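Here is a short briefing to read alongside the model. Keep the viewer open and follow the residues as they come up.

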Amino acid sequence: MTAHGEDAAVGPAADWVYRESSADLRTRAVPYSHLSVELGHLYMEDFTAGPDRLRAHFAQVAPWAATARSLAGPRRRISTCFLVDDYFTPFSSPAEVIPMVVRAAAKAGLRIDYLARESACAEANGARVAPLLLARLVEEPPVGTASGTRPPAAESGWLCNGVRSRSDVAPQAMSTATAWEPPLELGARRHSVFVDAQLWSTERDGRRLWSCPFLAAVWQMLRLGLLRDRGEVVLPPESWEEDAFPDRWDLLPPVVRLNPQATPFWAYRTFSVLDTRFLPVEHAVRVILDHTAADPVALRQVAERSEKEGLAVPSRLTERILYAFTATGTEGGGP
Amino acid sequence: MTGASDDGATLVMVGEVRTGLLMNRLPLEADAVAELLDLVPGERVRTRERPVPRAVSPDTLYGVDCPLVTRSGGRVRAIGTLAARACVVGGRVVQGSTRGVLIAGGDRRLPWSHYLECPGVVELTGRGTAADVATRFLSSRDPESLDPGAVSEAQVARLRAARLLDHRPPFHPRRTRLRWSAVVDREGFRGAFTLADRELRTLRLTIARTAQATPEQLAALCEDVALHDWLLTTVPAVVDSACGTRRGDADHGELRVVIDQLLHLWMPGTDTPPGLGEIWDRLEARPGLTRQWSACVRRVRDHLALRTLELLQDHRAARPPG
């Protein structure tokens, strides 16, 4: 990692300079792979189903990972990653799970370079992570009527890709005579596919429980290397030097490097091989990222680095994210 | 729509700054100011100590899609985001500042992500040039049209609600609004500063491209002008009222606040980048902001000297002859 400052506004041939460091902000740059390939999400039900289920999973993923690798082209930096749910339903321990996952992947010819904990997408070591993305959401104005007076960001915990149906907006203000008005997807092609995604719920103890789509959106932003906290990189991968992995998830680094020779965790583009049950989740992820104004300095760093490598990275975040959706037991699509 | 981005160098901006007294009995310490302005998780407050302490919050983006009317009367629609921030000067004066760069856009609205790629940029559709729109913006009274002032007001309101403040300001001066437009073009410098009414001021700037002004610098310049205009609106009013009353009647509470907490904030041009210094030269020539300020400060000092003399005389007169 190198310190990479914002463009300093220095006049021509300045012969006297006065600076205050707190007025001169820098944003850390990171190295990038060309592609980050996600080999799966592991939830408790997958784990309790036993090692055979895991082996079937990786057998199903392997051909798609190979395809992604060949489509990326020769001499490309490609890193692989794997996400374990320790947020919604924590289960087992790193000491038990990680060796099992690594073995199952190896049987399918796959190597997991980085393993991440899902709870780290919410917060890690007491530091906020999910709120960093929430702060970057910019609500889409309705057509022709928003002159700047609407409050920004989703304070309700819901984000949609359009205009909510009339009956959804203010039920208490509705008279029975008011006709129902359908919701509207902004920018729809003729007909709407309206999505209203819940970003969090509030637990009985007042704690905010982030939704799976929101954490998945954070996960995509982490892999794209676009999240910063006061200019610093969020959750840089760490190595685990000890022989055995810890017996508690919170003792494991948020993103752990399993392969010392791996190319960088961060990548210009991501590719995820997911079970079809994640399709609605990823649709919501795309709605969230289409409403995200990412750190302009981080975006510029990606643009400059990729350009130097002769690569065109799409400016739209959701165009940097690719998927293969499969169903368990289909072994890469075929029966 | 023709305009801003045609030759890649023209820059057209509009904005509005709202300036007022921070709702606190005493000026806020630097650490408290930094906490107050920490409005966006993950972003940083920029602070400066010299020559006058000033802190600026990170930007918040507001999505807009609304009509705008050009000088020639053509209907123009504005779609994009406005960038809003809050500033605190000397721990005492608060500003909500919102700006938008106007550029030519296509015929219809694009996916929202397109507008988020360029934060603080508003695309115009319809006939007319961005420069036309900027001119028209200053005199617009249409409540439906682009309203950065409402966003600035929301920024100030957000700060006003902060628990950090005791909400007991020493007095209640009027808030001012500075609506501004700036066109950076090949022509030379031109401008107009107008006191439209007791609250509203407008600043129209046309700046030569050689000044190499960035949107950020233009916003800072207008915040600087707004701050000094507010000081000139607030301080003479207090001084007038203190000096105008009969001997002994004057309530010197407000005058004391002005002397202790506001007089030292006069530092015009501090946030003016080298290429834009001409604006302050012009403002100092007409109307002559610093001339009025200096006269006001001299008046306060003379008034205080007189008061001291009077008090001494009263004291002597009250002393029994010995």
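B:Leu21 stands opposite B:Val93 in strand E6 of chain B. That pairing is a handy place to start in this predicted model.

**Strands of chain B**

- Strand E1 of chain B, residues 11–21, is mostly covered, with eleven of its eleven residues buried.
- Ten bridges connect E1(B) with strand E6 (residues 93–104) of chain B, and the two run antiparallel.
- E1(B) also pairs with strand E8 (residues 176–185) of chain B, again antiparallel, through nine bridges. To find this pairing in the viewer, look for B:Leu11, which stands opposite B:Val184 in E8(B).
- Further along, strand E9 (residues 190–195) and strand E10 (residues 200–208) of chain B pair in the antiparallel sense over six bridges.
- A hairpin of four residues leads from E9(B) to E10(B), and B:Arg190 stands opposite B:Thr206 in E10(B).

**Salt bridges in chain B**

- How many salt bridges does a search of the whole structure find? Over all chains, the search finds 39 salt bridges.
- B:Glu16 forms a salt bridge with B:Arg18, with the closest N and O atoms 3.0 Å apart.
- Is B:Glu16 buried or exposed? B:Glu16 is buried, because its relative accessible area is 0%, and buried means under 20%.
- B:Arg18 also counts as buried, at 13% relative accessibility.
- A salt bridge joins the side chains of B:Glu16 and B:Arg177 as well, at 3.0 Å from N to O. B:Glu16 lies in strand E1 of chain B and B:Arg177 in strand E8 of chain B, so this pair ties together parts that are 161 residues apart in sequence.
- B:Arg177 is partly exposed, with a relative accessible area of 23%.
- The side chains of B:Asp271 and B:Arg54 meet in a salt bridge of 3.6 Å, N to O. This pair links distant parts of the chain, 217 residues apart: B:Asp271 sits in the loop between helix H6 (253–262) and helix H7 (277–285) of chain B, and B:Arg54 in strand E3 (residues 54–56) of chain B.
- B:Asp271 counts as buried at 16% relative accessibility, and B:Arg54 is buried with a relative accessible area of 11%.
- Salt bridges with shared partners bring B:Glu16, B:Arg18, B:Glu153, B:Arg160, B:Arg175, B:Arg177 and B:Arg179 into one network.

**Where the two chains meet**

- Chain A contributes 41 residues to the contact and chain B contributes 37 residues.
- About 3000 Å² is buried between chain A and chain B, and carbon and sulfur atoms give 54% of that area.
- There are three salt bridges between chain A and chain B. A:Arg136 forms a salt bridge with B:Glu43, where the closest N and O atoms are 2.4 Å apart.
- Between chain A and chain B, 13 residue pairs are in polar contact, both residues being at pLDDT 80 or more.
- On the side of chain A that touches chain B, the elements giving two or more residues are helix H4 (130–134) and strand E12 (228–229) of chain A.
- The residues on that side of chain A divide into 17 nonpolar, eleven polar and 13 charged.

- An open sheet of seven strands in chain A has the order E14-E15-E3-E2-E1-E16-E17, with mixed pairing. Its edge strands are strand E14 (238–239) and strand E17 (321–326) of chain A, each pairing on one side only.
- Strand E1 (residues 33–42) of chain A pairs with E16(A) in the parallel sense over five bridges, and A:Ser36 stands opposite A:Thr270 in E16(A).
- A:Arg117 is found in strand E3 (residues 114–117) of chain A and counts as buried at 5% relative accessibility.
- The side chains of A:Arg117 and A:Asp86 are joined by a polar contact of 3.2 Å. Residues touched by A:Arg117 include A:Leu83, A:Val84 and A:Trp249.
- A:Asn259 is in the loop between strand E15 (255–257) and strand E16 (267–275) of chain A, and at 7% relative accessibility A:Asn259 counts as buried.
- The side chain of A:Asn259 reaches the backbone nitrogen of A:Gln261 at 2.9 Å. Among the residues A:Asn259 touches are A:Arg111, A:Ile112 and A:Asp113.

Note on methods: Residues numbered from 1 in each chain as written. Chains lettered and ligands numbered in written order. Predicted model: local features only at pLDDT ≥ 70, side-chain atom pairs only at ≥ 80, totals over all residues. Heavy atoms only, no water. Contact = heavy atoms within 4.5 Å. Buried area = accessible area lost by both parts, 1.4 Å probe. Salt bridge = Lys/Arg side-chain N within 4 Å of Asp/Glu carboxyl O. Polar contact = N/O pair within 3.5 Å; in protein donor to acceptor, adjacent residues only side chain to side chain. Nonpolar A, V, L, I, M, F, W, Y, C, P; charged D, E, K, R; others polar. Buried < 20%, exposed > 50% of the residue type's maximum accessible area, 1.4 Å probe, protein only. Pairing = 2+ DSSP bridges. Lists of a residue's contacts leave out its neighbours within four places in sequence.
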